[in-house]
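Subject: Structure handover

Hi,

Here is the structure I promised to pass on.

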Amino acid sequence: MLPSDSVREVLTTRHRYHYSQSVAARIHPNRVYPTPGLPSGEQRDETCPVSAGRTRPKRLATERLPERGLLFGLPIVTSKLVAPPLPIGFTPRPRVAGALAGAAGTICVVLAPAGYGKTTATVEEVAGEGAENVAWLSIDAYDSTELSFWAHLAASIDMVRPGVLRAMVDANEQSPVLGGGRLAASLLAALDGDEGLVVVLDDLHHLRSRALWEQLGFFLERLPPGIRVIATTRTVTPLPVERWRSQGRATVVDEQILRFDAVEAAGLIAGVSDRDVSSGEVAELVARSEGWAVGLVFEALAGHAPAANGAVRSVESPKPPRTVINYLATEVLDTLGADDRGFLLSISVLDEFDNELCRRVTGEGDAGLRLRSLRVANLFLVPVDEAAGRFRFHHLFRELLLEVLDHRDPGRRIELHRRAAEAAGAAGAVPVQIHHLLEAGEVVAAFDLMVRHALRVGSLATARELIASFPDGFVLEDPRRMLDYVLVQSLAGDWEMAEQWCDRAESALVEDSGPLRARLELHRALSFVGHGEAQAALDALVSSRAARGGDTRPDALLDRFSAVTAARVHVLIEPDPQAASFWLEEARKLGPEVVHVRQISIPTLTAFLRLWAGDLAQAERLARQALTAADQLHIPLGLHAFEALLVLTDVLIETARLAEAVSVLEHAEEIAGQLAPLAGQVHVALRRVEITAATEGPASGADAAARARARFNDQRLGAPLLDALTARHAYWLLAEGRTIEASKLSDTLPPGPPRSILRARLAALEHQWQVATCHLADAAEWPAAERMEAELIRSSADCYRGVSEVLERTGGFVWTVVKQGQPLLLHLESLGDEATPAVTRVLERAVEFSPAFRPVQFGEADVRITERERTLLQLLPSHLSYAEIAAELYLSVNTVKSNLKTLYRKLGVSSRSEAVRRARAAKLG
C-alpha cells in the first residue's frame, strides 16, 4: 500500500515553502506561516531528496512508483500544485480580497475574461488562510482526462492533508476498474470531517470532458462542511452554479468586481513603470482599459501620456499598444473556431448589438444562438442592457477585431457598415446610421440624412453631435448642400459659422439660382433674428420672397421657415401682435414636414400672443404643451424649447410663483449659455432683472438692469432689445426714487408702451394727472400687462377709485399690481370686507414678493414728524446730495444727517430710498 509520505516526498516542499514564506508574507507581513509537516519554527532543507519509490497496491498498478513521481500510472507535474508567484507590480487589493473572503457559501467562482487578475486576487485571498490549509491546482489542457485531473487534485490536497491518498487507496483496493467517478467519491470520503481546508481550482475553463464536468459537479455538490472551493474560470462553466447561488451555497465574483479603480491602478502602474504618473493620467488609463489589469500594465509600459495641452483624450485614442493587441490575439481570438472568429469580426463594426442587429449585419439566421454561446464564453462582452440582451465589446478587444478585419478583408468591413446603416435606419437610430454611412465612405448620403434629421428634430445638442460626427476639413462644393449645412449650424447655435457658410454659398451661386438665393436670404434672416436686428431680418425675408420671382410652386422648408421667422421677429424683437398672428396663420397652413416647428415653435409663439391678450391660463397651457413635445421629440436643448421657457417664466412671475419661475429661468439660462446669438441671452437677462426686483426689491432690480446693459452695450445687438434693457433699468430706478436718472433714460427710448408708462409715472409723482393721462392715450392697443398698468396709474389720480373693477377685468396679473408700490397696496388692504376676490388674491400673493412690495401697517397717527423732518422728506426723492440739501435749508451737513437719522428711526428704515417709499405709503410727504 502506498503511504502518503512517499507522495509528499515526490511533491517536494520547495515551492510550497517559497509561497508561504515570500508571497504570503508580502501580503500579511505580521503573520507566521509554518512549513507544512514541520514543527513550528523548524526549517526544512529545500534540497531534500526524493525517497525511493514503494510498491503500489496490486489493483491500482503493477509497477513501482518511480522516483520522479508517477501516480496512478500518470506523471505528476509538481509545478501545477503550487500557487504561481505574484506578478510584477503586485499591489494589494483589500476590496477584491474581501469580496472573495466574504463570499457566501462554500463555493466561490471567479469568472472573468483573460487578464483580469483572477489568479492574483485568489493568491492574495488564500494567503491569509495559511499555507497548511490551501490546496492549489492549476488546471491546463493536460487535465482533460479524468484520471489526470483527480490524480493532481488528490496529490494537491494530500500535500496539506497527509493521509488523503492513503484513504483513497484503501477505498479502491478491491475495485477492478479505476475511474474518475470512483476517485471523486473516494476523495470526498477521505475529506469527510475536515475543517478549514481551502481548495483552489485555477483556470477551470480548460476542462473539456463532459463526464469530468459531471464528476466535478458531483464532488462540489457533496463537499463536507468546513471546506471551501475557489474556482477561477474565463468562461461560464456547465456546473449548476446558478442553482447553488439560489441555495446560498455559491457566489460569483465577476469582472465588475475585479476591475481596477483609480487608487488600485495607481499602485499597479507604480509597480510596473518607473515614470511619475499623475492622477489625471491614471484616470485616463483606467478609462481606456476599463479597469482591465493587463490593459493597464501594457498601457503604462507603453508610456502613453495625456495630450500635450493637458486635454483629456477620448477613450478610443490613441491606438492600444501592440502588446495589448498581441495578448488578446494569443489568449482569446486564436483559441476560437473559425466560425466564431468570423462572427466576431462581422459584428465588430457595431458599437452596441443585440440578437436582431447581429442577424441583420451578419446575415446568419442563428446569430442569436451564436451570440449567446459567445456570451457563455465570456469574450470581453460588456452588458449595456442585459435584460434586453444588448451588449458591446470591451473597446480594446474591439480594436483587435477591427484591425484583423481591416487586414483580412477591408472590402467586407465597408459592406458590413452598409448593412449596419440599413439596420440602424430600420430602427430609427439616425445618428448611428450616419456613423455607419461615414465609415462606409458614403459621405453625401450621410450628409443628406443629417440635414433631414436635424431639421425634423431641431435639437441644439443633436445638431452639434451630428456636425461633430463628420471628419475635420469636411468641404461641400454644392451650394444647395452649403445652405443645408448653414441651417444645421444655425440649429446647433453656431451663428458665426453659419454666417461664414452663407458667404461661401453666396460666392458659389450662379445668377439664375432663384430658389437657392431665396434660401440664402432666409438663412441671413435667421442670423439677424439671432442678433435681435428686426428690420434687417424683415428686409432679408422680403429679399427671400423676391428671389423666388414667379415661382409659385410650394417649398415646404422655405415657406415654413419664412413664416415662422417673420412671426418670431414680431414676437421676440419688435412686438406686433397683429403681424405675428398673420404669419403664424401662414405657418399653420403648411404641412407637418418639420415636426419641431409644428409642435413647438407655433404653440410657443402663440403662447406669447395669449399672454399679451391677458389669457394667462392659455399661455401657460401652450408653453407647457410645447415643452412636453420637446421632451417627446428628445429635444432637451434647443431654440424652440428655449422660447417656451421664456413665456412660461413670464406667466410664473406674473402669477407670483417665483420659486418655479427661478427654476424655469435657470433652465433657459443653460440653453442661452450654449447659443451664440445674443438675442436669447438678452431675453434671459430681462427676466432675471424682473425676478431680482420681485425677490430683492427695486434697488436690486435697478442694479441687475445696469449690469445687463453694461454687458451687452458693446455687442452686435439690435436696438429693440437694447431699448428693452434700458426701459427696465429706468423703471426700477424710478421705483427706487431715483427720478432724475429714470427721466434721462426714458428720454432715450423710442415711442412705445415702455416710454409712455415711464413718463406717465414721472408725471403722477408730480401730481400732473392730466399730463400722465395724455401719455396713456393709446393704452387700449397695448398688451394686457401694460394696459393694466396704465389703468392703475389713471386710478391713482382719483385715489384708486374703481381699482377693484380693474383687477377683476385683468384676472391673475398679480405682479403688475404689486410692483405699483405701497400706496396701491395700502388702499387695497384698507378695503377690508369690501375687497373683491381679485383684490383678496393680490393681497394673498403679495407675500411671495420682496418686503418692498408688501402692505405696510402704519398710519400718520403712529409716525409723528417735525416740520423740518417733513421738509427733508420732500427733498429726499430729488437728486440733491446731503450737502446740497443742507445748503438749500441753510443748515450744516451734520445737522441734516442728525435729523435724517432721527427720521429713519421713526419710519423704521435704514436708507434714503426706503424712507421715500414708506413716507409715500403713509402719505407723510
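This is a predicted model: local features need pLDDT of at least 70, side-chain atom pairs count only at pLDDT 80 or more; totals for chains, interfaces and linings use all residues.

Numbering runs from 1 along each chain as its sequence is written, and side-chain values use heavy atoms, with hydrogens and water left out.

First, the sheet. It is open, has 5 strands in the order S4-S5-S6-S3-S7, and pairs in parallel. (Strands, E of at least two residues, and helices, H or I of at least four, are DSSP runs numbered from the N terminus; two strands pair if DSSP finds at least two bridges between them.) At the edges are S4 (134-138) and S7 (250-253), each pairing on one side only. S3 (residues 107-111) runs parallel to S7 over 4 bridges, and Val-110 has Val-253 as its bridge partner in S7.

Next, helix H20 (residues 430-439). Val-430, Gln-433, Ile-434, His-436, Leu-437 and Leu-438 are buried there (buried means under 20% relative accessible area, with a 1.4 Å probe and protein chains only). Just after H20, Gly-441 has a positive phi of about 85 degrees.

Now the rings. There are 19 aromatic pairs, counting Phe, Tyr and Trp (its six-membered ring) with centres within 6.5 Å; planes under 30 degrees apart are stacked, over 60 edge-to-face, and the rest tilted. Phe-353 and Phe-393 are a tilted pair, since their centres are 5.0 Å apart and their planes are at 50 degrees. Phe-353 sits in the loop between H15 (338-347) and H16 (355-362), and Phe-393 in strand S9 (residues 390-393), 40 residues apart. Both are buried.

Phe-447 and Tyr-485 make another tilted pair, at 6.2 Å centre to centre and 45 degrees between the planes. Phe-447 is in H21 (residues 443-457) and Tyr-485 in H23 (residues 479-491), so this pair ties together parts 38 residues apart in sequence. Phe-447 is buried at 1% relative accessible area, and Tyr-485 also counts as buried, at 10%.

Also worth a look is one aromatic cluster, formed by Tyr-116, Trp-292, Phe-298, Tyr-327, Phe-353, Phe-380, Phe-393 and Phe-397.

Arg-504 is over Trp-501, at 4.1 Å from the ring centre, and Arg-728 is over Tyr-731, at 4.6 Å.

Cheers

Notes:
Buried means under 20% relative accessible area, exposed over 50%, partly exposed in between (1.4 Å probe, protein chains only). A charge sits over a ring if NZ of Lys or CZ of Arg is within 6 Å of the ring centre and within 35 degrees of the ring normal.
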